Amino acid sequence: MNHSGIVFDIQRFSIHDGPGIRTIVFLKGCPLSCLWCSNPESQKMQPELFWNPDKCIKCNMCGDICQVDAVSQSDYSHSRIIRDRCIGCGKCAEQCPTQALTLKGKPMSVEEVYKEVEKDRRFYMSSGGGVTISGGEPFSQPEFLLSLLKKFKDAGISTAIETTGMTCWSLIHQCAECIDYFLYDIKHMDSEMHKKYTGIGNNLILSNLKLLANTGKDITVRVPYIPGYNADVDHMKMIASFMNENKLKKIELLPYHNFGESKYQLLNRPYTLSELEVNDMEQALKDSIEVLQVNGLEVVS
């Protein structure tokens, strides 16, 4: 059993990721690379640096302390960090006086995570909330995930997981007894389109969802609602058909936003949807919700 893992954020007082007031534990690592991902720092397993040149005072303390020559001595643009050399030790971020450098992702033990989550137990008890494990893809750290879930379950804290389902069924099955609520992503029903937009096909994802549906677990299907990619009535009909075939009833649409775009700059990565036009989103969303409801699904928010 692995009692430590890589966590990139812990967000408290969430009301959108499972019932009640919840604490969200974000684990690093994801097999998908969705074009619209709002947490690009979650994709790679190892810790990564955010570099904000607007905060830099050019003291060069980061360059002086770096032992692997991963900091340019003269380039103060977004490419200052030499990514293929950086080992994510975080020593430069610790010394940065203006927080132009911040490390995203750090090793944490099960006990350390539990202590953070347990702080808000009274809110969970009064609201029917608990902890939600998210990412990235939580199953990218399976042993750590299972250790966390067992710890929370033994402590009487409600558990939820947000997953892409891109893992082997045996891992989902092993963890399922410690999970009260599943938030299960469907990005696209067409496997070729899914591969085009996320880097990988959806056969395993849908297969796992079918198996999970047969367990009787509380499942909400989540769909990132991206104009021009999957936010159309025909695609909603495909999702509704699949869900009805597998006796899945709850669905949540997550409208596209570009709040994570600045993170790509901090990681010196391109953001491919920077010119995406979001026209008539409200009406399109209403039309999609109507289609889902007509097909007998419960649209949650």
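1. Basis of the note. The model is predicted, so local features need pLDDT of at least 70 and side-chain atom pairs count only at pLDDT 80 or more, while totals for chains, interfaces and linings use all residues. Residues are numbered from 1 along each chain as its sequence is written, and side-chain values use heavy atoms, with hydrogens and water left out.

2. Secondary structure and dimensions. The protein holds 11 helices and 11 strands; these are DSSP runs, numbered from the N terminus (helices: H or I, at least four residues; strands: E, at least two). Along the principal axes, its C-alpha atoms fill a box of roughly 60 × 45 × 35 Å.

3. Contacts. Of the contacts with a separation of 6 or more, 70% are between residues 24 or more positions apart. Contact means heavy atoms within 4.5 Å.

4. Burial. Of the 301 residues, 48% are buried. Buried means under 20% relative accessible area, exposed over 50%, and partly exposed in between (1.4 Å probe, protein chains only).

5. Aromatic pairs. Rings of Phe, Tyr and Trp (its six-membered ring) pair if their centres lie within 6.5 Å; planes under 30 degrees apart count as stacked, over 60 as edge-to-face and the rest as tilted. The count by this rule is 7 aromatic pairs. In one of them, the ring centres of Phe13 and Phe123 are 5.2 Å apart and the planes stand at 85 degrees, so the pair is edge-to-face. Phe13 belongs to strand β1 (residues 4–14) and Phe123 to helix α4 (residues 121–127), so the pair ties together parts 110 residues apart in sequence. Phe13 is partly exposed at 44% relative accessible area, and Phe123 is partly exposed at 25%.

6. Trp36 and its partners. The rings of Trp36 and Tyr229 have centres 6.2 Å apart and planes at 70 degrees, so this pair is edge-to-face. Trp36 lies in the loop between β2 (22–27) and β3 (48–51), and Tyr229 in the loop between β9 (218–225) and α9 (233–245), so the pair ties together parts 193 residues apart in sequence. Trp36 is buried at 8% relative accessibility, whereas Tyr229 is partly exposed at 22%. Together with Tyr197, Trp36 and Tyr229 form one aromatic cluster.
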